[in-house]
Amino acid sequence: MRVVEVTAYGGPEVLRMARRPEPEAGAVPGMVRVRLKAAGVNQADIRIRAGLYADAVGDLKPPFVLGTDFAGKLLDPAPGMEPGARVAGHIPWYELLTGEGTYAEVIWVDPQWLAVIPDDVEFTVAASVPLASDTAQQGLDRLGLPAGSTLLVTGGSTVVGRFAVQYAHAAGLRVVAVAHEGDESELRILGADHAVPRGTPAEVRARVPGGARARVPLFSAGAWGGAAPLPLPPAPGAPPPPPPDRVPPAERNIRVEAVRARPDAGRLRDALQKVADRELITRVADVMPLEAVAEAHRRAEAGHRPGRIVLLI
């Protein structure tokens, strides 16, 4: 079968097509096979490939296969699902550290990671949902905010940020979202009470009850994928924020937590149904063939993309 391997840490050019034996039915107890139709490209994939997380992945060395989000057809029977079922999910790549990801034609998965895709949801759309949706919901769970609270969502234009805005709005929160220029209207449609452009901390403070002295829960949908309650953006002259690949340090009695989403089939099933019912909006920026994975990484690294880049397999 075809896979894409990271042959060494570096730029997109280190991604190479390769051939590996196709998994055989029953070879891994408790796991089932899925023949993939689509796989998402996540920011974590890019940072792992670049070697930014080399220390965190321990003994795992190239060559390995990246990828977490997937959608495809089930090849083996699983509880409540028959072979041929259209399924989606995400692999907890960072926890397993087997180097076997979703940039491949056939993968092993735990049946408990799987949710059936509604008939009118395309594979490419389904592949854009699992990790981002789970991250947003589990981050909001950590915050545990009562209805009526104000939540500041930085990175509101990201895939995770868009889901966080929608889930927070549905939970009855007052949402202030920080957006890329031009995305403000869309974020308001998604449920943000206020959407302000990046680089305007004064405008953010103006939208928060209590103004510049207020402290509000903050969902940071940044490159490191964390959900962290932080203060409002610092006033002029304050130290700059930490680099995007490092979780901000806790200070001034502020709790900082990174969220590494766990597969949640029940919530994913509900999310996919909401997508089918047009109650939850997901965006696919580009659909590209597996062979174009290096270009997909280049596009993702180039900057703001309006949604998830998905590989067609």
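Author: Let's start with a definition: buried means under 20% relative accessible area, exposed means over 50%, and partly exposed is what lies in between. The model is a predicted one.

Reader: Thanks! Why is arginine 20 called partly exposed?

Author: Arginine 20 has a relative accessible area of 25%. That value lies between 20% and 50%, so the residue counts as partly exposed.

Reader: And what makes arginine 20 and glutamate 5 a salt bridge?

Author: Their side chains come to 2.9 Å, N to O, and the cut-off is within 4 Å, so the pair qualifies. Arginine 20 sits in the loop between β2 and β3 and glutamate 5 in strand β1, so the bridge ties together parts 15 residues apart in sequence. Glutamate 5, at 15%, is buried.

Reader: How many salt bridges are there in the whole structure?

Author: A search finds 15. Another one joins arginine 33 and aspartate 76, with the closest N and O atoms 2.8 Å apart. Here strand β3 holds arginine 33, while aspartate 76 is in the loop between β4 and β5, so parts 43 residues apart in sequence are tied together.

Reader: Which parts of the chain does the pair of glutamate 301 and arginine 49 link?

Author: The closest N and O atoms of that salt bridge are 2.8 Å apart. Glutamate 301 belongs to helix α9 and arginine 49 to helix α1, 252 residues away, so the pair links distant parts of the chain. Glutamate 301 is partly exposed at 40%, whereas arginine 49 is buried at 1%.

Reader: Staying with α9, how do you know that its buried residues are on the same side?

Author: The buried residues of α9 are Val293, Ala294, Ala296, His297 and Ala300. They cover an arc of only 160° around the axis, which puts them on the same side of the helix. They pack against several elements, including β1, β12 and β13.

Reader: One on aromatics: why is the pair of phenylalanine 163 and tyrosine 167 called stacked?

Author: The ring centres are 6.2 Å apart, and pairing asks for within 6.5 Å.

Reader: Are phenylalanine 163 and tyrosine 167 buried or exposed?

Author: Phenylalanine 163 has 1% relative accessible area and tyrosine 167 has 14%. Both values are under 20%, so both residues are buried.

Terms used. Residues numbered from 1 in each chain as written. Predicted model: local features only at pLDDT ≥ 70, side-chain atom pairs only at ≥ 80, totals over all residues. Heavy atoms only, no water. Buried < 20%, exposed > 50% of the residue type's maximum accessible area, 1.4 Å probe, protein only. Helix = DSSP H or I, 4+ residues; strand = E, 2+ residues; numbered from the N terminus. Arc of directions from axis to C-beta. Contact = heavy atoms within 4.5 Å. Phe/Tyr/Trp six-rings, centres within 6.5 Å; stacked < 30°, edge-to-face > 60°.
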